[in-house]
Amino acid sequence: MQRQVTSMLRVLLAGGLLAAAGYASDLSAQGIERQRPGSTPPSEVEQRAPLSSAIKQRVAPPGRKDPSNIAPIPDRWRLIEAVGVEESILDPYNRNPIKGDRPLLGTKDWFVNIAAISDTVAEPRSVPTPIGVQSSDNAGNYDLFGETDQFVFNQNFIVSASLIKGDTAFKPPDLEFRLTPVINYNYADVQERRVLYADPRQGTERTDTHFALQEAFVDYHIRNVSDRYDFDSVRVGIQPFSSDFRGFLFQDNQLGVRFFGDRDNNIYQYNLAWFRRLEKDTNSGLNDVDRKLREDDVFVANLYWQDFPALGYQSQITGIYNRNREGDDFYFDNNNFIQRPTSFGAERGRNYDVGYIGYNGDGHFGRLNLTTSVYYAFGSNRNSQFTNEEADVSAFFAAAEPSIDFDWVRLRGSLVYASGDDDPFDGTQRGFDAIFENPQIAGSDTNYWIRQGIPLIGGGGVVLSNRNAMLPSLRGSKEHGQSNFDNPGFRLIGAGADFDILPELRLSTNLNYMQFDDTAVLEVARNQQDISRDIGWDLSAALIYRPFFTQNVVFRLSGAVLFAGQGIKDLYGEQNRNDDTYYTVLANLILTY
């Protein structure tokens with residue numbers, strides 16, 4: 001140890017001597033004489049003068065400003081070009097002028113952001129198919145239900161263009177204009193007549209196109225309310241909105257006015273909104289701006305609270321009022337099926353006022369992920385489907401999906417309850433129905449029950465469950481129909497697992513058991529006793545492949561089977577097959593720029 005210290009001292013001493021020698025050599029080169037020991041030191045002024053002179057010789061004094069020698073410096077968006085960074089319109093991930101990476105020419109804070117999406121779906125499936133005297137080409141079909149196999153192809157081309165004012169890296173945009181048109185092509189092939197058209201002479205195939213406008217809004221930044229950019233903004237026009245985390249009650253692109261913002265460093269976020277609903281195109285499900293607006297208003301107020309009741313969990317309370325005045329409507333869809341009023345019960349038009357209050361949560365408690373939703377619906381329906389008298393509405397909904405991660409595996413559970421009406425004649429409607437649902441739970445649209453619309457009666461009438469919906473609401477359709485609180489309700493318990501087999505490949509599996517909450521309404525509507533609550537088992541699996549580890553190219557191949565329970569057998573009888581199973585296969589390719 002002593003040797004190490006001695007060696008270090010020697011190194012430091014040698015370094016100091018070398019530095020001193022270098023300094024002395026430098027002074028000698030400048031004509032500064034070193035003072036020898038014992039000689040008389042020069043005065044302070046004399047000592048300072050030669051050093052000042054040497055510094056002047058080494059550092060040139062600042063010259064006079066010459067404007068001809070000043071080169072302009074580009075702004076910070078174009079400064080990067082000076083170091084050789086090029087831009088490309090074809091590359092969405094590097095510097096791109098149409099992806100908001102620099103302002104428009106001649107401006108300082110106007111940006112454009114353009115996205116393009118191709119969404120392709122091919123779907124073979126089988127669906128219980130009611131038939132009538134004029135709706136079957138098969139001489140051997142003597143029952144009320146015919147052949148079940150169908151095929152659907154759907155293609156959407158989506159372009160979203162935004163013009164944005166403001167530096168949005170740290171704060172909301174000052175002003176934004178957005179336009180999202182969609183071009184749709186769809187094709188359907190079925191085995192029975194009057195499935196696609198009300199007129200049986202139009203056959204069993206249908207090809208259709210539609211141009212939709214899914215977004216068209218102006219977003220104005222009203223003010224900042226703190227130095228952390230808490231803000232108030234307003235958005236006017238056709239815009240996306242979801243009432244909760246999983247789309248249980250109202251998730252759609254609708255025409256409206258929405259005030260929104262946040263407080264206390266984004267801990268609280270709020271929405272105050274009014275929407276007047278647009279009609280939908282029958283075959284694509286997209287907005288149809290050529291039709292007049294529906295007399296259906298949705299008023300929304302909600303509040304999000306970050307990290308409540310625990311860090312990592314977000315809570316939301318919401319209040320929604322749905323005011324519908326379509327009691328005098330006689331609306332036929334594009335295929336000439338009547339949608340309002342629904343061919344259900346007395347087939348009368350209805351006006352209703354229904355409020356929803358709810359709590360929604362999403363986040364995690366340690367390793368446990370949890371999404372929850374609870375709603376209570378209350379109000380009045382002017383004309384009950386079965387009594388033609390005013391009825392009260394009192395219905396409940398609850399859902400939860402806990403999950404936990406183990407390295408590359410996520411295990412999930414699913415619970416759903418929607419109350420059903422136990423007596424359609426007692427003046428109180430207890431069947432819960434949403435405004436416009438797009439549920440993301442229990443496998444979402446990989447699930448057969450959620451993915452497919454199952455008709456209750458033939459001829460394009462009442463649907464037991466709608467496509468991309470979960471509640472058996474007994475409407476004409478989700479797109480055109482009114483909310484119906486005379487329905488059997490719904491129960492689901494399920495389990496699933498997601499496996500990240502590769503970073504770019506995921507396998508998602510789900511097994512769900514489903515029941516009606518109460519079948520009293522079904523028994524009255526079908527004039528049929530003792531319908532079981534058992535819907536059956538839904539088994540599904542999906543492969544999701546992202547070859548570039550991004551969302552730019554996503555391919556999904558999924559399949560689902562519904563093993564019919566006694567309730568489905570009671571409603572649809574024994575099919576032409578020996579087993580009571582229905583299937584769907586979905587191939588979906590999404591390309592995003």
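Phe-549 lies in the loop that links β21 and β22, in a model that is predicted rather than experimental, where local features need pLDDT of at least 70, side-chain atom pairs count only at pLDDT 80 or more, and totals for chains, interfaces and linings use all residues. Residues are numbered from 1 along each chain as its sequence is written, and side-chain values use heavy atoms, with hydrogens and water left out.

**Backbone features in loops**

The phi angle of Phe-549 is near 65°, a positive value in a residue other than glycine. With a relative accessible area of 49%, Phe-549 is partly exposed; the classes are buried under 20% relative accessible area, exposed over 50%, and partly exposed in between, with a 1.4 Å probe and protein chains only. Leu-474 likewise has a positive phi, near 60°, and sits in the loop between β18 (463-465) and β19. Leu-474 counts as buried because its relative accessibility is 1%. Most residues other than glycine have a negative phi, and most peptide bonds are trans.

| Site | Feature | Value |
|---|---|---|
| Phe-308 to Pro-309 | cis peptide bond | omega near 5° |
| Arg-340 to Pro-341 | cis peptide bond | omega about 0° |
| Leu-474 | positive phi | near 60° |
| Phe-549 | positive phi | near 65° |

Pro-309 belongs to the loop between β8 (296-305) and β9 (313-325), while Pro-341 is in the loop between β11 (338-340) and β12 (351-365).

**Strands and their pairing**

The protein contains five helices and 23 strands; helices (H or I, at least four residues) and strands (E, at least two) are DSSP runs, numbered from the N terminus. Strand pairing requires that DSSP find at least two bridges between the two strands. Strand β1 (residues 110-126) runs antiparallel to strand β2 (residues 149-165), and 17 bridges join them. Arg-125 has Gln-150 in β2 as its bridge partner. Seven bridges connect β1 with β23, again in the antiparallel sense, and Val-121 stands opposite Asn-588 of β23.

The elements that supply two or more residues are β19 (490-502), β21 (534-545), β22 (553-564) and β23 (581-592). Areas come from the Shrake-Rupley method with a 1.4 Å probe; for residues, only the protein chains shown count as cover. Val-585 is located in strand β23 and counts as partly exposed because its relative accessibility is 35%.

**Core and overall figures**

The largest nonpolar core has 56 residues, of which Tyr-356, Phe-397, Phe-432 and Leu-464 touch the most other members. Strand β14 (residues 391-406) gives the most to this core, with four residues. Such a core is a set of buried Ala, Val, Leu, Ile, Met, Phe, Trp, Tyr and Cys residues joined through side-chain atoms within 4.5 Å.

Of the 593 residues of the protein, 46% count as buried. The protein exposes about 29,900 Å², and carbon and sulfur atoms supply 58% of it.
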